[in-house]
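Welcome, and please take a moment to look at the sequence and the structure shown here.

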Amino acid sequence: MSSQQIPEENLPVEQGTAHGAVEGAGDPFADPGLPAHKPRIQDIDERAANRSERAVALMFTLSMLATVGFIASYVIFPVDQIVYIWPFGHVSALNFSLGLTLGLALFLIGAGAVHWARTLMSDVEVADDRHAIEATPEVKAKVLADFADGARESALGRRKLIRNTMFGALALVPLSGVVLLRDLGPLPEKKLRKTLWAKGKQLVNMNTMEPLRPEDVVVGSLTFAMPEGLEEDAHDFQSQIAKAALMIIRIEPDNIKDKREREWAHEGIVAFSKICTHVGCPISLYEQQTHHVLCPCHQSTFDLSDGARVIFGPAGHALPQLRIGVNSEGNLEALGDFEEPVGPAFWERG
Amino acid sequence: MKKLSARRRHPLAAVVVLLLALAATGGLYAAFAPAGKAQADETAQSLAIDEGKKLYSVGCASCHGSGGQGTTDGPSLVGVGSAAVDFQVGTGRMPAQQPGAQVPKKKVIYNQAEIDQLAAYVASLGAGPITPTKSQVDPSGADVAKGGDLFRTNCAQCHNFTGQGGALTKGKYAPNLEGVSAKHIYEAMQTGPQSMPSFPDTTMPEQEKKDIIAYIKTVNGSESESPGGLSLGGLGPVSEGLFGWIFGLGGLIAIAVWVAAHTAKAKKS
Amino acid sequence: MSTATETQRKAPAGERVADWADGRLGIYGLAKANMRKIFPDHWSFMLGEICLYSFIIIILTGVYLTLFFHPSMNEVVYHGSYEPMQGIRMSEAYASTLDISFDVRGGLLVRQIHHWAAVIFLAGMFVHMFRVFFTGAYRKPREINWLFGFLLFVLGMFTGFTGYSLPDDLLSGTGVRFTQGAILSMPIVGTYISMFLFGGEFPGTDIIARFYSIHILLLPGIMLGLVVGHLILVFFHKHTQFAGPGKTNKNVVGMPLLPVYMAKAGGFFFLVFGFISVIAAIATINPIWALGPYRPDQVSTGAQPDWYMGFAEGFVRVMPGWEINLWGHTLVLGVLIPLVLFGVVLAALALYPFIESWITGDKREHHILDRPRNAPTRTGLGVAWVTIYFVMLIGGGNDIWATHFHMSLNAISWFVRIAFFVGPVLAFVVTRRICLGLQRRDKEKVLHGRESGTIKRLPHGEFVEIHEPLSPEQLHTLTAHEQYKPIEIGPTVDENGVERKPSALQKLRARLSKSYYGENNQIAKPTAEEYKEITSGHGHH
């Protein structure tokens, strides 16, 4: 689709050159040319010009004062002093004074310079010619000839063996860089499928760090739990809690609609993954009247009384449920790991 | 004894007897007073329940049923406890004005004495969380930092980082916590009003509730510090973006207009 | 002998320094072409300067911040001066950001200038880009500079994203979590990229350090190169200008760089810097101390990205949760489609100049700007694009709109879903109609003069409004725009009688050309004959 297919007459007359069929003096729309320069007050009245000069000088002087004020504020105000300034609230005295003085110092330099340019420098509009960006045919011919000479002298086209091996070498050498990236991280393997939960691990209340007992969890309450043995100062705490975090609620068993959910619960106490199946936010906006839980990031909504299926939003599948029971000490425990990967879906999830 | 009886008629005898009698009465009173007070309290309590019942049948029974058993318009109040009543009525949520996604906070129409009477009546329907005492909710001396951590685990997901509130499904919302009294925050955690789940003492002990209240009072109040200047509602990037566009870029464009504008020309004279 | 006397004259110091530099750098040659370079005056031509200056401010303040910031995810227990964080476990990155905010004098100010400048930089680029779009300034010879600018906008988004993630606070960490979830949704390679990027499972201990080098070195380095290229091209092409008396496609009318633009542009840098400093003094941005350190099991409602990522966030929020499970694999369309749409919508903007030039077949240089009304289809398309963008911004903040306008979250999501399809179409149609209306008004004005507001009673009792004829300058300005004719497919039989079948592409082009420049899609501008006929007759209406 080159331009040759467009007939020239289809293109409009170039802007700012001529207007249609009527040319020259008879054209009412012809360009009258640059309007004559009109003087400003400062151009004809020396007193006005002097006033402008004083205004500019005043701005530059105030800027100097503001810089002094900046340094003074830095020295005077302690870093933790809070003052009440209407309407900004209880703000840091240092931040407020430093920002205002620095802002003023800079702004006044700018305002002075612009006022100077606007009132005292020449405001005569000047026209500058543009030159074609494209090279002239002679230049182009010269460049093409030079290039042909160079290409011929290199014999790149003739000595194909050199050309092909060079391209091969250049194509391969970046591979070293790609290979070096291999150790950025481990391979996924089954890491996304496993969490710390395992048969017999007790559910630890994240508020008290004590094992949860069934009688602690009442209908309508919300509790968060993590697996026993996970310590906050463990080196992989963040990565482990990112998969293992649990949300514990209690629903009257008769109100649980999903059969599997009821079986995996302990007397109506259900444990769901706290990690949203959309992109992994810790979902926990639990509405105890409806048993709906909402994700604060992208508003996926799950029904915890119905197998945590998705009832609104961009999540693609239900929250995984952890099967729980009670151990001999009367504490809640996991009866195994999650049966499916927690968190966002991925290609190998299946 | 003879001596004593000999002075029976002494002019000061009457005074002495009177003093003795007063002392005895005082001692007796001191000895029996607790029991007496308990009796009096019980009476007061039953009085309060009676008063509460009267208030209840006028203001609440149409929705919650004449015995608090609940109707299609309102849930059963058996076992919700006095804390729930103190919260719901004390924040003006109850009595509800009109049906909607959520019963909002509004002007409180009962005084505290009436609220206590209502609470006493509802508490008498079945055991439930009890209105906390002053010392139970007093956040002084609590661990603000721990409260912040607990707040981010248990509360921020609905109420925002600093308790500015947030959206729930279908028009429901978690309210802003600014200006909510420590007692009402405590009661809300204890009882789980409306959509909010409860955080009973069994899973969130009293001290942790105090820590959370201390944190809320530190970061969300008229006295809260905002060192960087205007807090822009504490809403995060949405209000920051709006401010940046309107005042930031808007102001700079206004300056650009001034920089580029032609200077006023001298008038033809 | 004359040369000898000249060399004896002692040149002033400044000149001698310049001579020295010229002997090594050839500065006189450069200055000859550029010192008195002409720049046209228009406020909208300064939008790019806002971006340039905020970029410089970001670099200056950013260098300062690197002196105090520790890009490390080592866990520490905080014991600094911010009371509500005492004893809390956090990463060193977060702790050092608290130190910058509370223990380094002026650190909070510099942090806030840095972040506000970033918000304004992106907003400035957005407005600048649409100034260029709506005036057609991207046409030949400036297509490459359009692409440079576009790349700067996109890289700016990612530089901003990596930057606000660095403090490792609860809000930005949630954003990083989203990014990781989005990466996981990519078919086949998703899990691998995620493992490599995070050095293992999310969040790991590497991501902050990696984002740090991307944020302070890789992306700004590329951007700096693009900015320099962008500016060189602006100098080389010379600035565009609006049509007007004395302004042609072959000249540029304005004021010289030295002294006027040196003072105005130089002064404007200080104005921008000063203004942003004042904003940083009075308004908080990203108060990370209120957000808390990142933990993957904590979250706050109202979790949003900075505004320039909001439109991507909108796509993600309103997308239905489609997921396909086949042959043991999962295709996460609910996340993948928004990612693809994000790219497609941006790419459409990048490619538009090339599409338009293909439709017009116009290969000439254009230095005179279009008024948006005189290119109704382009203007309509631009407004449609902006509509999609802002509809998605609403979607990205649906929870905040819900609480502050007392609406249902779900209702807003549904509104955005529908508006994504209906909004741009509606915007296009309405905008084009408005443009055509304005073109008609311009034509009326040219032919009949301006309505003066003075009512005159004619002798026979009729009332007429007096129309003042326009000045020659106005007549020229209002008729200076180009009007294309739609491309015809042409005869299907060539001069030799051989039948020629137009290709599907040719047909498409003809159809598009018609929709751009067809009879009802632009108002033919008045011709000199029309004007003369009316003015020579009863020209009073």
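This is a predicted model: local features need pLDDT of at least 70, side-chain atom pairs count only at pLDDT 80 or more; totals for chains, interfaces and linings use all residues.

Residues are numbered from 1 along each chain as its sequence is written, while chains are lettered from A and ligands numbered from 1 in the order in which they are written.

**The cores**

A residue is called buried if 20 or more other C-beta atoms lie within 10 Å of its own, exposed if 12 or fewer, and partly exposed in between, with C-beta atoms placed from the backbone. A nonpolar core is a set of buried Ala, Val, Leu, Ile, Met, Phe, Trp, Tyr and Cys residues joined through C-beta atoms within 7 Å. The largest such core here holds 259 residues, and those with the most contacts inside it are Leu203(A), Leu246(A), Ile248(A), Val272(C) and Ile276(C). Helix α6 (residues 107-134) of chain C supplies the largest share of this core, 18 residues. Helices (H or I, at least four residues) and strands (E, at least two) are DSSP runs, numbered from the N terminus. A second, separate core has six residues, including Phe29(A) and Tyr531(C).

Two residues are in contact if their C-beta atoms, placed from the backbone, lie within 7 Å. Leaving aside neighbours within four places in sequence, Val272(C) touches Leu252(B), Ile50(C), Tyr53(C) and Ser54(C).

**A covered strand**

Strands pair if DSSP finds at least two bridges between them. The pairings are listed here.

| Strands | Bridges | Sense |
|---|---|---|
| β5(A) and β6(A) | four bridges | antiparallel |
| β6(A) and β7(A) | five bridges | antiparallel |
| β3(A) and β5(C) | four bridges | antiparallel |

Within these pairs, Leu222(A) stands opposite Ile249(A), Leu246(A) stands opposite Ser273(A), and Asp129(A) has Asn251(C) as its bridge partner.

**Where chains meet**

Between chains C and A, 118 residues of chain C are in contact with 95 residues of chain A. Helix α11 (residues 257-282) of chain C gives the most to the chain C side, with 18 residues. The contact between chains A and B takes 40 residues from chain A and 35 residues from chain B. On the chain A side, α3(A) provides the largest share, five residues.

**Chain B and its record**

UniProt positions use the numbering given here, feature names are shortened, and annotations may be inferred rather than shown by experiment. An unreviewed UniProt entry places "domain: Cytochrome c" at residues 47-126 and 142-220 of chain B. Residues 47-126 of chain B are 51% helix and 0% strand, and residues 142-220 of chain B are 49% helix and 5% strand.

The unreviewed entry also places "binding site" at Cys60(B), Cys63(B) and His64(B). Cys63(B) lies in helix α3 (residues 61-64) of chain B, and His64(B) has its place in helix α3 of chain B. Why does His64(B) count as buried? Because His64(B) has 24 C-beta neighbours inside 10 Å. Cys63(B) has 17 C-beta neighbours inside 10 Å, so Cys63(B) counts as partly exposed.
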